[in-house]
Amino acid sequence: MASHDEWTVDRLHVGLPHSALRQQLLADVNLTPLEDLPARLEGWASAAETLEAARPRIEAARAYVKEHGTLPAEYETAPDMTDTVVDDAQGRRGAA
């Protein structure tokens, strides 16, 4: 896994698992004032690292579903963290 200093916008874009996240990254890069861009990209790098760290668990769940047709019980009760990851990347969480 890359350190924050090694991430590029292209690498972040490729590393995000969902097209909606990739589009949000591009919108953020294009709409963020230049002076705020390093902090915004740092947030996206953290989000990409969080998602990359979860990849083995995601792949295990995918394989389980393929074999059994349903998620394991411990996955069914886990909350969807997508909004939290995006809010962290955009620096919105805790800003209120």
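**View 1. Helix α3 spans 44 Å from its first C-alpha to its last**. The helix has 32 residues, and its span is close to the 46 Å expected at 1.5 Å a residue. The expected span is 1.5 Å times one less than the number of residues. This is a predicted model: local features need pLDDT of at least 70, side-chain atom pairs count only at pLDDT 80 or more, and totals for chains, interfaces and linings use all residues. Residues are numbered from 1 along each chain as its sequence is written, and side-chain values use heavy atoms, with hydrogens and water left out.

**View 2. The whole protein reads α-α-α-α-α**. Helices (H or I, at least four residues) and strands (E, at least two) are DSSP runs, numbered from the N terminus. Of the 96 residues, 23% count as buried. Buried means under 20% relative accessible area, exposed over 50%, and partly exposed in between (1.4 Å probe, protein chains only).

**View 3. Helix α3 kinks at R55**. The kink is about 45 degrees and lies shortly before the proline P56. The bend at a residue is the angle between axes fitted to the seven residues ending there and the seven starting there. Buried residues of α3 are L37, G43, W44, A45, A47, A48, E49 and A61. Just after the helix, G69 takes a positive phi of about 80 degrees.

**View 4. A salt bridge joins D28 and R40**. The N to O distance is 3.7 Å. D28 lies in α2 (residues 19-31) and R40 in α3 (residues 37-68), so the pair ties together parts that are twelve residues apart in sequence. D28 is buried, at 7% relative accessibility. R40 is partly exposed, at 24%. A salt bridge here is a side-chain nitrogen of Lys or Arg within 4 Å of a carboxyl oxygen of Asp or Glu. The search of the whole structure finds three.

**View 5. R55 pairs with E52 within helix α3**. Their closest N and O atoms are 3.0 Å apart. The two residues are three apart in the helix, so about one helical turn separates them. An α-helix has 3.6 residues a turn, so residues three or four places apart point the same way. R55 is partly exposed, with a relative accessible area of 36%. E52 is also partly exposed, at 32%. R55 is also the site of the kink.

**View 6. R62 and E59 form a salt bridge**. The N to O distance is 2.9 Å. Both residues belong to α3, three residues apart, or about one helical turn. R62 is exposed, at 52% relative accessible area. E59 is partly exposed, at 35%.

**View 7. The largest pocket holds about 840 Å³ of space**. Of its 24 lining residues, the closest to the centre are L51, A54, I58, D80 and T82. Elements giving two or more residues to the lining are α2, α3 and α5 (82-89). The largest share, ten residues, comes from α3. The lining divides into 15 nonpolar, four polar and five charged residues. Nonpolar means Ala, Val, Leu, Ile, Met, Phe, Trp, Tyr, Cys and Pro; charged means Asp, Glu, Lys and Arg; the others, Gly among them, are polar. On a 1 Å grid over the protein atoms alone, a pocket is an open set of points where a 1.4 Å probe fits, with protein on both sides within 12 Å along at least five of seven lines; lining residues have an atom within 4 Å of a point. Grid points are joined across faces, edges and corners, and the volume is the space filled by probe spheres set on them.
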